[in-house]
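Thank you for making time for this; I would like to walk you through one structure, piece by piece. Please have the picture open while I talk.

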Amino acid sequence: MKWVTVDRISGYEGEVVQLKGWIANRRSSGKVRFLLVRDGHGTIQCVVGAHDVAPEAFELADKVPYESSIVVTGTVKRDPRSPVGFELAVSDLQLVSEAQPYPISKKDHGVGFLMDHRHLWLRSSRQAALMKIRAAVSKAARDYFDELGFTAVEAPILTPTACEGTTSLFQVGYFEGSAYLTQSGQLYGEAAAMALGTIYVFGPTFRAEKSKTRRHLTEFWMIEPEMAFWEFPETIDLAEGMICRIVRDVLERCAEPLRALERDVSTLEKVTAPFPRITYSEAIDILKERGLPIQWGDDLGGDEETVLSEAFDRPLFVTHYPAAIKAFYMKRDPNDPRLALAVDLLAPEGHGEIIGGGQREDSLEKLEETLALHGLDRGPLEWYLDLRRYGSVPHAGFGLGIERCVAWIAGIHHVRETIAFPRLMDRLYP
RNA sequence: UCCCCGAUAGCUCAAUUGGCAGAGCGGGUGGCUGUUAACCACUAGGUUGUAGGUUCGAGUCCUACUCGGGGAGCCA
């Protein structure tokens, strides 16, 4: 007996096949039972007629609780009433495991309840669609860099110190001492770029900040390219190319998940190069014109990002931030030392910053100065300073937050649904 | 850390001015040969988050706490 998955069912019209999955829904009419069977690749209606199966199988179709696991045997039939174009005329039905009463019903639930049942919530079509889009985003980003000849390098998750002194870190025991969970792979990425030229780090990142917003997780994933001998403008081009590639691949490969999420893809189809590029100073002017209370030197908050991104119809690069509000490793603008060669990408539709990056400081002396200015202990960073002692070169890179990118592309409000098991300030279960 | 909102059946919510705690879904029983969150009938299901207080009487008013949601700051 041929075991097939729902996504391939159209190739088996008229044939008898087996499906293995779970009961997503059950309806009935007289002596017909309709089972919606979900197998992870799709959902299809299986029709069980009282006279077409053994009495035990019909009894099972009548009673089988939601989310029980089953194996169904039947003939694949084209049917215009089916959302997938086909249904299964069942000849046999076998129970794998009977489910206890399933906590998630077809009606509405609150976010707290769903998050407590995240391990089951993932079975819903909406969550499955988000996981597929997330996987497509990750793959597109990797493919983009792989095809450009970048080498994938993993940065350590356990680190001896902060990468950027400002943010708080998770401390963990490390034998007799302690370690921290990484807040960025970037510094290690810089070391790898000096060895391999162009690299990218793709891994988890941890921030112990007590952030409670729709854009924050305590554990999230970043893809961080780092390029030796690259300077500022071509780094922005690279980020632009990566976003276009991600959006293109998701539109091509995730039509069904996007439809399931009722995503208006017309805004995604507009995501083509070139993206608008404005400087921080221009951004401040725009915000002042629109009446926001902001001064040159202030960082851009969520409200400011939303106003800026709504002024353009595609992702927006903001460049040349004041050095004072950026990390210690940012290179100063040679034309204006108040500024850093830093770039952020703001996603449209109010999703905020999804990329942050720029050119790195390559002068040992200047880096030492900035470290002192930020009050950072240079001891644990001596290895990083070595990169400037032994053949320092201009180099640049950026980091893309996967969850924010997925939230934007999928058109959903909160990043917590874009990762299978989100970690938030007050949520560590399941 | 700060601001706002909330907690009533397994879930989502209702309960008028402080006056008998209810509905839908889910569970159970039965019905229907094409259902699409199917539908129809019946049925079980409650220490109203916790601890105090006001009152003849508290789901409702007051205080504290706990938990959750939304937002700010910080950042991707």
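Predicted model: local features only at pLDDT ≥ 70, side-chain atom pairs only at ≥ 80, totals over all residues.

**Strands, helices and cores**

Let me begin with strands E3 (residues 32-38) and E4, which run antiparallel and are joined by seven bridges. Residues are numbered from 1 along each chain as its sequence is written, chains are lettered from A and ligands numbered from 1 in the order in which they are written, and side-chain values use heavy atoms, with hydrogens and water left out.

Coming back to the hairpin that E3 and E4 form, four residues lie between the two strands, and Gly40 in the turn has a positive phi of about 90°. Across the pair, Arg33 stands opposite Val48 in E4. Strand E4 (residues 43-49) is mostly covered, since six of its seven residues are buried, where buried means under 20% relative accessible area, exposed over 50%, and partly exposed in between, with a 1.4 Å probe and protein chains only. E4 also pairs with strand E6 (residues 86-97), here in the parallel sense and over two bridges, with Cys46 opposite Leu88 in E6. Cys46 counts as buried because its relative accessibility is 0%.

That brings me to the cysteines. A search of the whole structure finds zero disulfides, a disulfide being a pair of cysteine sulfur atoms within 2.5 Å. Cys244, for instance, is in no disulfide, and the nearest cysteine sulfur, that of Cys405, is 11 Å away. Cys244 is itself buried, with a relative accessible area of 16%.

Which residues touch the most other members of the largest nonpolar core? They are Ile133, Met242, Ile243, Ile246, Leu400, Trp408 and Ile409, out of 59 residues in that core. By nonpolar core I mean a set of buried Ala, Val, Leu, Ile, Met, Phe, Trp, Tyr and Cys residues joined through side-chain atoms within 4.5 Å. Helix H6 (residues 232-253) gives this core its largest share, ten residues. If we leave out residues up to four places away in sequence, Ile243 touches Val271, Phe275, Pro315, Leu345, Ile354, Ile355, Leu400 and Trp408, contact meaning heavy atoms within 4.5 Å. A second, separate core of 29 residues includes Leu292, Leu316, Ala342 and Leu381.

Now to helix H9 (residues 280-289), in which Tyr280, Ala283, Ile284, Ile286 and Leu287 are buried. These residues lie on the same side of H9 because they cover an arc of only 160° around the axis, the arc being that of the directions from the helix axis to the C-beta atoms. Among what covers them are strand E13 (277-279), helix H10 (302-310) and strand E14 (316-319). After H9 comes Gly291, whose phi is positive, near 85°.

Finally, the overall division: chain A is divided into domain 1 (2-97) and domain 2 (118-418), with bounds that come from an automatic or database domain assignment. The centres of the two domains, taken over C-alpha atoms, are separated by 45 Å.

Terms used: Pairing = 2+ DSSP bridges.
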